[in-house]
Amino acid sequence: MSGAALGIEIVVVFFLALFLLHRYADFRKQQRMVLFGTLLAWYLCFLIVFILPLDISTTIYKQCKIDHEEHASVSLVTALISNQTAGNSTTATPTKSVPKVCYKPWSYIPDGIMPVFWRVVYWTSQCLTWLLLPFMQSYARSGGFSITGKIKTALIENAIYYGTYLLIFGSLLIYVAVHPQWHLSWYELQTIGITAANTWGLFLLVLLLGYGLVEIPRSYWNASRQGHLLIKTYFKAAKLMTEKADAEENLEDVMEEVRKVQESIKYNHPLRKYIDTILRKCPVEYQEKMGRNMDDYEDFDDKQNTYPSEKNLVKLHKQVIYAVQRHNRTHVQWQILLQQAMHLEDVAKNETSSAHQFVHSFPSTEPTSWLSPYLYTPTVEWYWECLLRQWFYRLLAVLLSLFSVGVVWSECTFFSTRPVLSLFAVFIQLAERDYNYLYIEMACFITIFFLCTCVYSTVFRIRVFNYYYLASHHQTDAYSLQFSGMLFCRLTPPLCLNFLGLIHMDSAISHQLKEQTAYTSIMGSMRVLSFIANGFYIYYPMLILLLCIATYFSLGTRCLNLLGFQQFVGDNEMTSDLIDEGKELIRREKRKRQRTEDGENRRREWKERYGNTREDTARNRNRNEAAEMTETNYSDTVPIPNTSPNRQVKYSRTGRGTERDSIELLEDAEPLDFNAETLSDDPLETDSTRHVPGRYLSMSSSRSRIFDDV
């Protein structure tokens, strides 16, 4: 089991990152380079979170062995000294003390594996976040038509970005070089780089963590209030409709520019290949519309037109990609929000139901498994949606609130080692006395997972206008995916270091001579920059308390609302107007969906009512034709009694054919411009001069059929 736990977690974390990426990215449309870079960044960050508890338990076991050896040595020396004092040093045996046995943890990782593992994971993630992902981000967002053009654009955009990093690193390097007591080496340069990256990450970490510690418990508490949740959904619907209309208008404007350009550049123009590339990125309906209006038989040299340059086409290509992606995203989000609003309205209606069975206004469009009708019955759904869910969310919100209070208290007191005030350090040290490795790993994992949830959920929730926005259901663009990968790689290492400080396993903060984890050894000693190790890393996390207070009173939301950004504030007139607007939009969509469903029901009833009649008619027709063929074999003419023997009448089915055609006309509701030959399947009727009722004379077939060969 020494390496099995590590291997299992590596595989499980990979599929977890792949599942999360599939939820936000579109594997079929987005570039493979973008998907691979984002998946690798997310995977490495999740790997650090899941593997760190194993490193902690292994370190505690090593510390136990060290304490055991020291205790045995001290006991031996004490016994020898006591024997020498008693004068029996040659004959007496030393007194043996029996220290507590150190049990190897089930997830023990052999020596030499974890340092190499952490070194590969950390430096790969840092290369991604500081070098590769910014370049790939600009490359994917570029509107160039060739690989060389995209690379050139990416290098130009990142020149300032990389120059800023070099300036900061150079400043720190000069500061260390000027100091007389420090002698620069490769190890110290490496430590300076790690310290600079962790300092920047800790600055962002405290801001995001202070928001998530309050907002996550509050979001679950608000989710238990069905009325509040429905009102907020109305508010979101009004905002999303505005964004959706803006996206449609922007797409129309961009498509109009594309139409003008593609009409001016004909098929034999050198820039025509770029126009074809742009057209392939346009929606299908616009491609068909532009294709109908295109006249490729005109030569571009015949007219003295002004043609756009390649630089303008690159800019237009970039605008098309952005406009189409934004239009598709808002359309999908609108459908999802409609489904949520209608479901919440159904929950509000079913709460007063005495039958205790959940009734949906409209059938769900989401696919369900084959077990759902047997397990998730309408009765079970009613009890969950109308009764149990709100109490479950309230209990979860209370537990998360207690956890948040513990995190805030520990962040403000983790620098105190005597007495130990950090709650997480107390819990780990109590488990360390009994060497309960499973409890240690579970406690560490739950704590790190909660911290990561608070930070990562904030990353998924924040939105920087329309440049960065993570949208589920495969609607996130390449720029936002890679930006999230950059944030994860910058936030995860300082988050883990901060957690090690909370449990007093980072000697740079706790100032204790204990066995260091392999993760801490890779980070290097922060004492190279003492003002950061003894000042910033200890006192800056206390700012979380102020951020939590500001988040609790929604100060940021109110400030954004005052600046003109529409936010959900309960006591605001603009919020009330948007709620009313959203409610009307939902009603309008429900009426539209109801009309569509009623039309489908009428068509289904019409088909069921007359479908059997049509099948019976076809069956009778086949039976009559078979009978006629049998009668024709015996006699082609039928004599009429009481008449001359030479007088005969043709065997005809005109009456039955007319009746049958009338039934088919009612069933199919054919338009007026139908074909006369379809009204009768009897060839004998075409020779008759009598027209069937309902047939226009101008549409009847000609006796001579002069134009049959035309």
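This is a predicted model: local features need pLDDT of at least 70, side-chain atom pairs count only at pLDDT 80 or more; totals for chains, interfaces and linings use all residues.
The crossing in which H5 passes H18 is right-handed. On the H5 side, the contact is formed by Val 206, Leu 207, Leu 209, Gly 210, Tyr 211, Leu 213, Val 214, Glu 215 and Arg 218, which meet Leu 543, Ile 544, Leu 547, Cys 548, Thr 551 and Tyr 552 of H18. By class, the residues of this contact comprise 11 nonpolar, 2 polar and 2 charged.

Leu 213 of H5 also belongs to the largest nonpolar core, where Leu 213 is listed with Trp 42, Ile 56, Trp 118, Tyr 456 and Tyr 519 among the residues with the most contacts inside the core. This core has 94 residues, and helix H2 (residues 32–86) gives the most to it, with 19 residues. Beyond its neighbours within four places in sequence, Tyr 519 is in contact with Ile 48, Leu 52, Asp 55, Trp 118, Thr 492, Pro 493, Cys 496, Leu 497 and Leu 500. Another core, of 19 residues, lies apart from the largest one and includes Ile 265, Leu 279, Cys 282 and Val 320.

Across the protein, the secondary structure comes to 21 helices and 2 strands. Of its 710 residues, 40% count as buried. Among contacts between residues at least 6 apart in sequence, 76% join residues at least 24 apart.

How values were computed
Residues are numbered from 1 along each chain as its sequence is written. Side-chain values use heavy atoms; hydrogens and water are left out. A crossing is left-handed if the near helix is turned anticlockwise from the far one by less than a right angle, and right-handed if clockwise. Helices (H or I, at least four residues) and strands (E, at least two) are DSSP runs, numbered from the N terminus. Contact means heavy atoms within 4.5 Å. Ala, Val, Leu, Ile, Met, Phe, Trp, Tyr, Cys and Pro count as nonpolar, Asp, Glu, Lys and Arg as charged, and the others, Gly among them, as polar. A nonpolar core is a set of buried Ala, Val, Leu, Ile, Met, Phe, Trp, Tyr and Cys residues joined through side-chain atoms within 4.5 Å. Buried means under 20% relative accessible area, exposed over 50%, partly exposed in between (1.4 Å probe, protein chains only).
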